[in-house]
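Please look over the model below with its charged side chains in mind. My notes on the salt bridges follow it.

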Amino acid sequence: MLQNIRDNSQGWIAKTIIGVIVALMALTGFDAIFQATTSKNEAAKVNGEEISQNELSQAVDMQRRQLMQQLGKDFDASLLDEKMLRESALKGLIDRKLLLQGAENSKFAFSEAALDQVILQTPEFQVDGKFSAERFDQVIRQLGYSRMQFRQMLAQEMLIGQLRAGVAGSGFVTDAQVLAFARLEKQTRDFASLNIKVDPSTVKLTDEEVKAYYDEHAKEFMTPDQVVIDYLELKKASFFDQVSVKDEDLQAAYQKETANLSEQRRAAHILVEVNDKTTEAQAKAKIEEIKARLDKGEQFDALAKEFSQDPGSANNGGDLGYAGPGVYDPAFEKALYALAQDQVSEPVRTDFGFHLIKLLGVEAPEVPTLASLKDKLTRELKAQQVEQRFVEATKQLEDAAFEASDLVQPAQDLKLTVHTSAPFGREGGEGIAANRAVITAAFSPEVLDESANSTAIELDPDTVIVLRAKEHLKPEQLPLEKVEGPIRMQLAKEHAIAAAKTRADELIASLRDGKTPLDKPIDGQSWKVTEAATRAQEGVDPAVLQALFRMPKPAAKDKPTFSSVTLPDGSLMIVRLNGVNEAATPTEEEKAQYRRFLASRVGQQDFAAYRKQLESQAEIKRF
């Protein structure tokens, strides 16, 4: 099992880590599980295991943030359906719980040493090719984890990955299925196509038709609902010149900055596992035997290659690379930090066996001078003060706007300028009117109908505004003469397409009956012939290809089948299927490719069915 994990460390395990780094798991709010605190309120129970309301709330928040990141900062979060978010997040938590239970019931497992190796060898946690505890902490903090939470999350992801590989990896297909797929995939078709002219310029419309369309679609011909707003803008940057940094604060920040630097130690170890096959006494006796050989002068790396049961480091002489505090098992770490250079520890017992630990090297951190950090720390300290002032000013602005009947007094209180926007509609406009939160507030009943000032609106992390409606430009019916042109264009196009469809149907009927020759031009236009077209034929519209490969096979060479296709631009095309060319027998290499593709698809279907089975057999209670 451990060797399998090591062999696959560049496969699903590596993908799992990368997936964590880019926070893909936020799509189902999975990582909220590990930030949850104890809650007496239950959101669900899965086979007796609780999912708390706190977990669910955090999962919903994570989904909301993820959606807002995907849709952009101007997306109005109030448009999200909370009920749908909650249902989606709860389903994700339940699915994960079921998979973890399935992995546990199927006896999937791995050692702590394997988990350590995954972390130590993950490129995202390395600097210059070496594991960096500082980088590790930085990355997982951005994801919202402590070290223990991240290890727990990663362990569960590895278990689910093993389960997925075990189920999906067992998918297979028969030779007959491979050959059937190859026959369809490599099949080609001979066809000819003929464009049917769609010419709106030939359509004659009466004034009555235009008027009838105008009356029937009156709601479409209205001026937009628009508003003009006044607003006050509060910017964080305006506070930077108002703050200063004291020397004692700078010194305290420097001490805190350098206190976080930690020593890195390069360890090597020899592991003898305690497991179902090896008792504690046997493992201890073995590790003591190895220690005795070391004491007699044998080389640590040679003995590690021969005896160590950690597949991730044994081939490297037990070398684990550099790491800082908090990475290893506490007992392992305590022993490592008690060693001198090149010293080997006595046997150390951890949760996964007995170790002999050797200290290969120590890297002491370089402590920067105060002078080198002064500008950075000054900026950070100023930013903290500015942030505090910005928060206080935002609260003051919101309170003043709430109490005032206009924006004049709040502007005077905070020494701000009242700005006025250009008119904009519900679809937005330019500048400040392009912000979805501004649009929502401007057209809210409180602002538009009750003439109230808005609450504080965050345009970005550094800018807040309050607004009020200055003028409401309500929709009005546009006169017919203003929209007559677009109406005529629309009606002409619709009539032209309908006429072309009728013409195409008549031609197809005539072609089928033999009244119109297959090899003669029609309306002065020749058929465009394409031989051996594939399903991904270049130069052919996808809509034509889709229709072509759905058409029935011709009964005979002189009995083609026909269809008409309306293209995205509104033009029409008659498609004549002349013949179907069966594919040659695939080569062994092609069969192998098809087999892998089909087996992967079957494996995915099997895993989906397995998840469904877990759900159908589980006792799930939603509260």
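Predicted model: local features only at pLDDT ≥ 70, side-chain atom pairs only at ≥ 80, totals over all residues.

1. Residues are numbered from 1 along each chain as its sequence is written, and side-chain values use heavy atoms, leaving out hydrogens and water.

2. How many salt bridges are there? The count is 32. A salt bridge here is a side-chain nitrogen of Lys or Arg within 4 Å of a carboxyl oxygen of Asp or Glu.

3. Start with K91 and D95. Their closest N and O atoms are 2.9 Å apart. Both sit in helix 4 (residues 82–105), four residues apart, or about one helical turn. Helices are DSSP runs of H or I, at least four residues, and strands are runs of E, at least two, numbered from the N terminus. D95 is buried at 12% relative accessible area. K91 is partly exposed at 45%. Buried means under 20%, exposed over 50%, and partly exposed in between (1.4 Å probe, protein chains only).

4. E263 bridges to R265, with 2.7 Å between the closest N and O atoms. R265 is buried at 10% relative accessibility, whereas E263 is partly exposed at 29%.

5. Salt bridges with shared partners also link K91, D95 and R611 into one network.

6. D225 and R426 form a salt bridge at 2.9 Å, N to O. D225 lies in the loop between helix 9 (207–216) and strand 6 (226–235), and R426 in the loop between strand 12 (424–425) and helix 16 (436–442), so the pair ties together parts 201 residues apart in sequence.
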